[in-house]
Amino acid sequence: MSARPVLKGITVVEAASGLAGPMAGCRLADLGANVVKVEWDDGDWMRQCPPFLKDRTSADFFALNRGKRGVLLGAEPKQRAALLRRLVETADVFITDQDSDGLAALGLEGADAETCAWNPRLIVAQISALGREGPLAGMPGSELGAQAMAGYTRYVGTLGKQSIRLGADVAGASTAIFTTQAVLAALFSRRRTGRGQRVDLSLLNSLVAMKTVHLAAQSDPDSFEGPRVGGAYDPPERGWKTADAPITFAFGGAVGAEGRPGWTQFVEAVGLSRLLEDPRFDKTGRMTTGLGPKARELKGEYEAEFTKRPSAEVIAQVRKFGGFASAYLSHDQLLDEPQVQALEIVRDVPQGDATVRVLDFPVKFSGSKPEVQGQAPRLGEHTQDVTRELGLAEETAARSRA
Amino acid sequence: MAGPLSGLRVVDVSIMAAGPWIGSLLGELGAEVIKVEPPAGDGTRWVEPLQHGMGTNYMCLNVNKRGITLDFKNPGDRNAALDLTATADIFIQNFRGGVIDRLGLGYAAVVARNPRIIYCSVSGFGEAGPLRNEACADFIMQAYSGFARLNGEPGEALEAFRFTGFIDLTTSIVATEGILAALVERENTGKGQKLEVSMLQAALEMQFPRIAEMLGSGEAPRPHGSASAILAPDRGYTTLDGEVFVTVHTPAEWHGFCAAIERPDLAADARFDSNPQRVANREALDAVVAPLIAARPSIWWMRAFQRRKVPCALSHNFEQLRYHAQIRDNGMAPVVHTRDWGDVVVGGLPWHFSATPGEVLPPPIPGADTAAVLEELARHKAATSGVESA
């Protein structure tokens with residue numbers, strides 16, 4: 001339908017390290033924006049994170065920064081200011097993890113006003129660890145710190161033992177997605193008002209927003225029932241054992257108070273018809289499967305039969321009778337799944353002379369066609385090009401180190 | 001003040017979690033959102049726990065909406081739903097594969113009446129492939145997508161996140177990202193489109209770096225306890241009275257860390273002089289660091305690390321979190337007043353727009369706005385009859 005990418009003609013300047021800002025920049029580049037990544041000193045710390053591709057680029061840095069051009073600011077504060085200020089003056093969007101003091105030190109004083117006086121159409125997405133206001137504003141933070149403060153570490157591991165984290169970088173990734181939303185919403189708004197604005201985001205704020213189910217559950221509950229109030233106090237959850245691999249499954253739910261039928265046929269099919277007479281089991285499975293409040297304590301009753309059958313058979317029986325089920329796949333198994341291949345979730349993009357696989361844009365559109373980009377910039381790779389485009393003398397920029 | 005989407009209208013026929021929270025986010029951005037429930041009711045009304053008889057999931061996942069009840073099996077109601085979509089900018093559905101077409105609200109039917117509609121279709125596993133018609137739930141996708149394989153002590157295979165709805169809500173935020181892109185696109189082309197959002201792709205997006213590491217190196221990710229896969233030090237350390245969480249990203253933070261633990265000599269140790277070195281030698285590093293940190297209380301370490309600008313934190317439970325000055329001052333966990341079910345704490349706005357801020361508004365009473373919405377619809381039809389061919 002559309003010949004041109006959604007964000008064609010939109011210039012994004014990104015002065016941010018790690019996951020949140022760069023992942024937002026990456027997805028905006030996939031949507032067609034011209035993204036210029038600005039670094040100084042040693043550059044984005046993600047460049048130093050293992051594992052590394054064959055060309056010694058960090059695999060994470062590559063995936064997060066492919067499709068961008070890279071500018072390295074010089075060591076001299078005045079040089080830095082001249083180049084960066086000119087870049088941001090001509091940009092539509094500025095994504096940064098610097099606070100007001102950090103921006104001033106880079107020569108961008110006032111960029112994070114409600115509307116930037118020297119570029120009133122500029123949209124500024126300002127990402128902090130802990131929020132713009134409050135006693136901890138301006139303090140450094142991290143993925144792990146945000147997970148701990150938002151209480152996420154309490155829902156994995158064992159109460160009273162050393163904490164564990166969520167292995168997914170949920171604070172950084174959710175903040176990246178909220179940042180991309182913020183930029184798109186502000187661009188939409190700018191079409192109507194002609195004006196840009198600042199949007200504040202933070203790692204902690206994102207995780208608290210994503211905690212809405214648990215915040216609401218603990219507000220003033222009528223009973224202490226189920227994982228939404230008890231999850232932090234439960235033992236590690238590893239599903240139901242079968243003959244080969246653990247699975248998770250559920251019946252009931254979705255519509256109305258009781259949900260759909262299917263559980264009674266399922267228990268008969270897997271040799272558990274005795275549960276039909278057992279008063280501890282409701283006849284929809286809603287209370288004793290999935291996240292039902294009785295699921296954990298009655299797990300053994302199901303496992304008595306499940307462990308006689310391979311996981312694939314139990315899963316097939318659940319699905320046959322309208323329930324939900326899956327094994328706990330490893331990532332190797334996942335990428336081999338016909339489902340993953342049918343959706344074309346993973347795409348090839350170039351890096352140097354090689355080809356690397358990356359995750360496609362996470363939404364499938366009937367009209368827009370986001371195109372995942374390749375080639376992450378070496379530190380300062382495009383400094384001279386960008387300097388020239390801006391009409392600045394080359395000595396304003398530091399020479400590429402590459 | 002009105003949010004950036006003020007003036008837009010959303011019709012949301014989704015139930016449970018992954019679909020409904022999309023509408024709430026669009027509502028928080030200023031759109032008018034109409035939640036259409038079947039007569040049997042959205043199942044979240046009965047999901048534990050309840051608060052004064054109403055499921056807390058229903059309340060928090062339906063903020064910023066009006067609520068109407070329509071029975072799609074009744075032709076009159078089905079036509080009303082179709083008429084409603086003709087007045088909408090955005091439509092959200094998450095029925096099992098194929099069902100929405102049978103209900104007469106498939107993309108072809110809706111776009112025929114309204115070519116500007118942005119039609120967001122949410123599924124578990126996507127709309128192609130052998131699992132396209134399978135239903136899904138949060139914990140199912142944690143298992144299928146490998147999300148649970150990232151959690152646990154080193155050497156363990158997996159552990160689920162006992163925190164319900166996280167993958168559902170991940171799906172909602174990915175969908176909202178797509179809808180906003182489609183809105184920008186509509187400004188360019190004048191046309192809407194269909195979006196397919198799956199819990200599967202959303203769950204992978206949430207694992208972005210772990211997947212990138214695997215695709216880049218060929219090595220499947222695995223649990224590391226509280227430690228990071230890519231940074232060191234970056235973990236929880238036991239203190240005299242609890243636990244402190246510390247992260248080092250940069251050379252400056254590494255020097256600050258060594259100063260805080262009063263071991264400046266470590267900063268000159270070749271085994272630890274870059275992040276890749278520290279990750280490779282993390283056991284040797286922890287053999288030095290862990291006993292030092294265990295000898296003093298958490299508060300000492302918070303002061304010592306904060307003084308050197310090293311990221312550090314303590315864990316908070318709900319009671320500590322909800323009253324924390326940082327949470328409060330940034331409006332991260334606002335209280336919403338409901339008419340019948342008391343006050344409920346919900347997640348706050350994830351973005352704070354300086355010019356178009358948006359706000360969090362209460363959830364609907366199920367079906368309470370049916371008469372009003374249908375009356376508006378009748379007035380709209382009367383006013384536009386004969387000219388609705390745009």
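1. Of the 402 residues of chain A, 57% count as buried, where buried means that 20 or more other C-beta atoms lie within 10 Å of the residue's own, exposed means 12 or fewer, and partly exposed lies in between, with C-beta atoms placed from the backbone. The C-alpha atoms of chain A fill a box of roughly 85 × 50 × 45 Å along the principal axes. Among the contacts in chain A with a separation of 6 or more, 66% are between residues 24 or more positions apart, a contact being two residues whose C-beta atoms, placed from the backbone, lie within 7 Å.

2. This is a predicted model, in which local features need pLDDT of at least 70 and side-chain atom pairs count only at pLDDT 80 or more, whereas totals for chains, interfaces and linings use all residues. Residues are numbered from 1 along each chain as its sequence is written, and chains are lettered from A and ligands numbered from 1 in the order in which they are written. On pLDDT, the predictor's confidence in each residue from 0 to 100, chain B averages 96, and 98% of its residues score at least 70. For the complex, the predictor gives an ipTM of 0.98 and a pTM of 0.97.

3. Chain A is divided into domain 1 (11-210 + 343-396) and domain 2 (239-327), with bounds that come from an automatic or database domain assignment. The centres of these two domains of chain A, taken over C-alpha atoms, are separated by 44 Å. For chain B the assignment gives domain 1 (9-207 + 322-384) and domain 2 (234-313), and 42 Å separate their centres, again taken over C-alpha atoms.

4. Turning to the interface, 142 residues of chain B are in contact with 140 residues of chain A. On the chain B side, the largest share, 15 residues, comes from helix H7 (residues 166-189). The residues of that side divide into 76 nonpolar, 45 polar and 21 charged, where Ala, Val, Leu, Ile, Met, Phe, Trp, Tyr, Cys and Pro count as nonpolar, Asp, Glu, Lys and Arg as charged, and the others, Gly among them, as polar.

5. Strand pairing also joins the chains: strand S11 (residues 364-365) of chain A runs antiparallel to strand S8 (residues 193-198) of chain B, with two bridges between them, and pairing requires that DSSP find at least two bridges. In this pair, A:Lys364 stands opposite B:Glu196. Seven strands form an open sheet of mixed pairing in the order S11(A)-S8(B)-S7(B)-S6(B)-S1(B)-S2(B)-S5(B). Its edge strands, each pairing on one side only, are S11 of chain A and strand S5 (66-69) of chain B. Within chain B, strand S1 (residues 9-12) and strand S2 (residues 32-37) pair in the parallel sense over four bridges, and B:Lys35 in S2 is the bridge partner of B:Asp12.

6. The largest nonpolar core has 245 residues, and those with the most contacts inside it are A:Ala125, A:Val183, A:Leu204, A:Leu207, B:Leu26, B:Cys120 and B:Ile179; such a core is a set of buried Ala, Val, Leu, Ile, Met, Phe, Trp, Tyr and Cys residues joined through C-beta atoms within 7 Å. Helix H6 (residues 170-193) of chain A gives the most to this core, with 13 residues. Leaving aside residues up to four places away in sequence, A:Val183 touches A:Ala24, A:Leu28, A:Val93, A:Ile123 and A:Ala125.

7. B:Trp301 is placed in helix H13 (residues 298-307) of chain B, and this residue counts as buried because 25 other C-beta atoms lie within 10 Å. Apart from residues up to four places away in sequence, B:Trp301 touches B:Thr239, B:Val244, B:Ile293, B:Arg296 and B:Cys312.

8. Some backbone details may deserve a check, given that most residues other than glycine have a negative phi and most peptide bonds are trans. The peptide bond from B:Glu48 to B:Pro49 is cis, with omega near 0°, and another cis bond joins B:Ala232 and B:Pro233, with omega about -5°. A:Asp41 has a positive phi near 50° and counts as exposed because it has 11 C-beta neighbours inside 10 Å. B:Glu262, with a positive phi of about 60°, lies in the loop between helix H10 (251-260) and helix H11 (275-280) of chain B.
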